[in-house]
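Please read them beside the coordinates.

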Amino acid sequence: MSTDDPGNLFRVVPGPPRLALPGLVPLYDLYVRAGAELLTQPDALSAELWLSAQLGELDAAAPDRTALDKAYGDLVKVLRRAGTPGAHAFLAAMAAVGPEDHRAAAAKAAGDLRGPLLPEPPAWLERLGTAVAVDACSIQDGTLDRTQYLVEYRYPDGSGHHGLSVTLSAGLPVQLVVVGDMLGMRSELRRVLEEGEVVVATLPLPLASTTLHQAFAELAEVPSAELTGPFHALLLLARHRLSLLP
């Protein structure tokens, strides 16, 4: 749909956007269509996980950091030109919890999409990126040469209690898990503690921050191709959650 009204959400920008990687247009178009899925997400955490998984596919496929940055920049332009409600939500999510270097561009693009055809945004949109770290602990199994760090988060209104679990081996993250059922997780921890299978220690948030930031700094030196698919799917969310630590 096109219109001459400059306030219309679906106005069409004359000509295609100038892209750094035009050969990826079919892929970018898939992302535009996938934006409709984002609108169906039930809450902020689900939306953040969705975005992390979507952009994780780009991360996994990119040959290097330069190409990945170009793809992110292109994606912002393509979503802006598409102008659909899903594209608007996609841009808003990127602005809140997307790759840090591209948040400003995504925020500007999302702000450009306005007008009477823009539907009411999802209720969770304003909560994206606002989670707060509230607790942390380390979990160590004496039979394994690795340590699990669990950091708990809530949104400012008290909703969305969840955890980010990062397992380190030889100082490097080897497993990422987002825990949605923290009550179930705590019940399981009590069980294994009673059976003497693990040692759980409370960690001050600054100590958890130092340990995990150092581990992720070393992870940056690992070639992207050596990371597994599930790891890529949670990497963006994990980096954002670690940025929230003191």
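1. Val 132 stands opposite Arg 154 in E2, and at another position of this pairing Gln 140 stands opposite Thr 147 in E2. The two strands concerned, E1 (residues 132-140) and E2 (residues 147-154), pair in the antiparallel sense over eight bridges, where two strands are said to pair if DSSP finds at least two bridges between them. Helices (H or I, at least four residues) and strands (E, at least two) are DSSP runs, numbered from the N terminus.

2. Two remarks on the source belong here. This is a predicted model, in which local features need pLDDT of at least 70 and side-chain atom pairs count only at pLDDT 80 or more, while totals for chains, interfaces and linings use all residues. Residues are numbered from 1 along each chain as its sequence is written, and side-chain values use heavy atoms, with hydrogens and water left out.

3. The sheet as a whole is open and has five strands in the order E4-E3-E2-E1-E5, with antiparallel pairing. Strand E4 (172-179) and E5 stand at the edges with a single partner strand each, so one side of each is left without a neighbour in the sheet. On average, and with direction ignored, neighbouring strands of this sheet are turned by 20° against each other; angles run from 0 to 180 degrees between N-to-C directions, and axes are lines fitted to C-alpha atoms, for helices over the stretch in contact.

4. The remaining pairings can be followed from strand to strand. E1 is joined to strand E5 (residues 199-202) by four bridges, and the two run antiparallel; the partner of Ile 139 in E5 is Val 200. Seven bridges join E2 to strand E3 (residues 162-169), again antiparallel, with Tyr 153 opposite His 162 in E3. E3 and E4 are likewise antiparallel over seven bridges, and Thr 167 has Gln 175 in E4 as its bridge partner.

5. How enclosed is E2 by the rest of the structure? Six of its eight residues are buried, so E2 is largely enclosed, where buried means under 20% relative accessible area, exposed over 50%, and partly exposed in between (1.4 Å probe, protein chains only). Helix H6 (residues 182-194) lies across E1, E2, E3, E4 and E5 and runs at about 145° to E2, while H7 lies across E1, E2, E3 and E4 and runs at about 120° to E4.

6. Two single residues deserve a look. Ser 209 is found in helix H7 (residues 205-219), and with a relative accessibility of 5% Ser 209 counts as buried. Leaving aside residues up to four places away in sequence, Ser 209 touches Leu 245 and Pro 246, contact meaning heavy atoms within 4.5 Å. Ala 170, by contrast, is exposed with a relative accessible area of 74%; Ala 170 lies in the loop between E3 and E4 and has a phi near 55°, a positive value in a residue other than glycine.

7. Among the helix pairs, H1 (residues 25-38) and H3 (residues 65-82) have axes that come within 10 Å and cross at roughly 55°. H1 and H3 are therefore oblique to each other; angles under 35 degrees count as roughly parallel, over 145 as roughly antiparallel, 65 to 115 as roughly perpendicular and the rest as oblique. By class, this contact has eight nonpolar, no polar and three charged residues, where Ala, Val, Leu, Ile, Met, Phe, Trp, Tyr, Cys and Pro count as nonpolar, Asp, Glu, Lys and Arg as charged, and the others, Gly among them, as polar.

8. H1 also packs against helix H2 (residues 44-61), at an angle of about 170° and with the axes 11 Å apart, which makes H1 roughly antiparallel to H2. The residues that meet include Tyr 31 and Leu 38 in H1 and Trp 50 and Leu 58 in H2. By class, the contact of H1 with H2 has seven nonpolar, two polar and two charged residues.

9. Finally, the axes of H3 and helix H4 (residues 85-97) come within 8 Å and cross at roughly 145°. Leu 75, Val 76, Leu 79, Arg 80 and Ala 82 in H3 meet Ala 87, Phe 90, Leu 91 and Met 94 in H4, and by class this contact has eight nonpolar, no polar and one charged residues.
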